[in-house]
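Biologist: I'd like to learn how to read this model with you, feature by feature. Could we start with the strands and work outwards from there?

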Amino acid sequence: QVQLVESGGGVVQAGGSLRLSCATSETIVNTYTIDWYRQPPGNQREWVSTLTSRGGTTYTDSVKGRFTTSRDNAKNTVYLQMNNLKPEDTGTYYCRAWASRIYWGQGTQVTVSS
């Protein structure tokens, strides 16, 4: 059974940083595309970033220059480094793995206070 386990969320002041982790299996981390999504309070889930199996990255405009996604193959983990956080970054963050199938993690809460 494929599992994606997010961690690293918390409460931080505006301008602060957090690093989210998405722990999974060796197969997933090496061969699947890994996305990060977030769901702000009262809003729909929205795409944040993509990390392809070949290492290519893309980001939504609102986080470009502040967020970085990366992979640690030895730890079977994908990260989302979030710097210069803003209150509008508040939400539940999810990682999603997709190739032949799609898998979602359970989410981790990020709260940015002004």
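**Strand 9 and its partners**

Modeller: Three bridges join strand 9 to strand 10 (residues 102-104), and the two run antiparallel. Keep in mind that this is a predicted model.

Biologist: What joins strand 9 to strand 10 in the chain?

Modeller: A hairpin does, through three residues.

Biologist: How do I read the side chains along a strand?

Modeller: The general idea is that side chains in a regular strand alternate between the two faces of the sheet. As for cover in this model, seven of the eight residues of strand 9 are buried.

Biologist: What does the side chain of Thr-92 make a polar contact with?

Modeller: With the side chain of Gln-109, at 2.8 Å. Thr-92 is in strand 9, and Gln-109 is the residue opposite Thr-92 in strand 11. Leaving out residues up to four places away in sequence, Thr-92 touches Tyr-37, Arg-38, Gln-39, Gly-107, Thr-108 and Gln-109.

Biologist: And at the other end of the strand, is Trp-98 buried or partly exposed?

Modeller: Trp-98, in strand 9 (residues 91-98), counts as partly exposed because its relative accessibility is 34%. Trp-98 also belongs to a nonpolar surface patch with Ile-102 and Trp-104, and together they have about 310 Å² of accessible area.

**Charged pairs**

Biologist: Let's turn to salt bridges. What should I look for?

Modeller: Side chains of opposite charge can pair when their charged atoms come close. In this model the count comes to five salt bridges.

Biologist: Which residue meets Asp-35 in a salt bridge?

Modeller: Arg-96 does, with 2.8 Å from N to O. The pair links distant parts of the chain, with Asp-35 in strand 4 and Arg-96 in strand 9, 61 residues apart. Both Asp-35 and Arg-96 are buried.

Biologist: Where are the two partners in the salt bridge between Asp-89 and Arg-38?

Modeller: The closest N and O atoms of Asp-89 and Arg-38 are 2.9 Å apart. Asp-89 lies in the loop between strand 8 and strand 9, and Arg-38 in strand 4, so the pair ties together parts that are 51 residues apart in sequence. Asp-89 is buried, with a relative accessible area of 0%. Arg-38 is buried as well, at 4%.

Biologist: How close do the N and O atoms come in the salt bridge of Asp-89 with Arg-66?

Modeller: The closest ones are 2.8 Å apart. This pair, too, links distant parts of the chain: Asp-89 is in the loop between strand 8 and strand 9, and Arg-66 is in the loop between strand 6 (57-59) and strand 7, 23 residues away. Asp-89 and Arg-66 are both buried. Stepping back, you can trace a network of salt bridges that links Arg-38, Glu-46, Arg-66 and Asp-89.

**Loops**

Biologist: Now the loops. What should I make of a positive phi?

Modeller: Most residues other than glycine have a negative phi. Asn-76 is a case here, with phi near 50°, in the loop between strand 7 (67-72) and strand 8 (77-82). Asn-84 also has a positive phi near 50°. Asn-84 lies in the loop between strand 8 and strand 9, and counts as partly exposed because its relative accessibility is 43%.

Biologist: Which residues is Thr-24 in contact with, beyond its neighbours within four places in sequence?

Modeller: With Gln-3, Leu-4, Val-29 and Asn-76. Thr-24 is in the loop between strand 3 (18-23) and helix 1 (26-31). The contact with Gln-3 has a polar side: the backbone oxygen of Gln-3 lies 2.9 Å from a polar atom of the Thr-24 side chain.

Biologist: Why does Thr-24 count as buried?

Modeller: Because its relative accessible area is 14%, and buried means under 20%.

Note on methods
Residues are numbered from 1 along each chain as its sequence is written. This is a predicted model: local features need pLDDT of at least 70, side-chain atom pairs count only at pLDDT 80 or more; totals for chains, interfaces and linings use all residues. Side-chain values use heavy atoms; hydrogens and water are left out. Patches are made of residues with over 30% relative accessible area and no salt bridge: like charges are joined within 9 Å, nonpolar side chains (Val, Leu, Ile, Met, Phe, Trp, Tyr) within 5 Å. Accessible areas come from the Shrake-Rupley method with a 1.4 Å probe; for residues, only the protein chains shown count as cover. A salt bridge is a side-chain nitrogen of Lys or Arg within 4 Å of a carboxyl oxygen of Asp or Glu. Helices (H or I, at least four residues) and strands (E, at least two) are DSSP runs, numbered from the N terminus. Buried means under 20% relative accessible area, exposed over 50%, partly exposed in between (1.4 Å probe, protein chains only). A polar contact is a pair of N or O atoms within 3.5 Å; within protein, one must be able to donate a hydrogen and the other to accept it, and residues adjacent in sequence count only if both atoms are side-chain atoms. Contact means heavy atoms within 4.5 Å. Two strands pair if DSSP finds at least two bridges between them.
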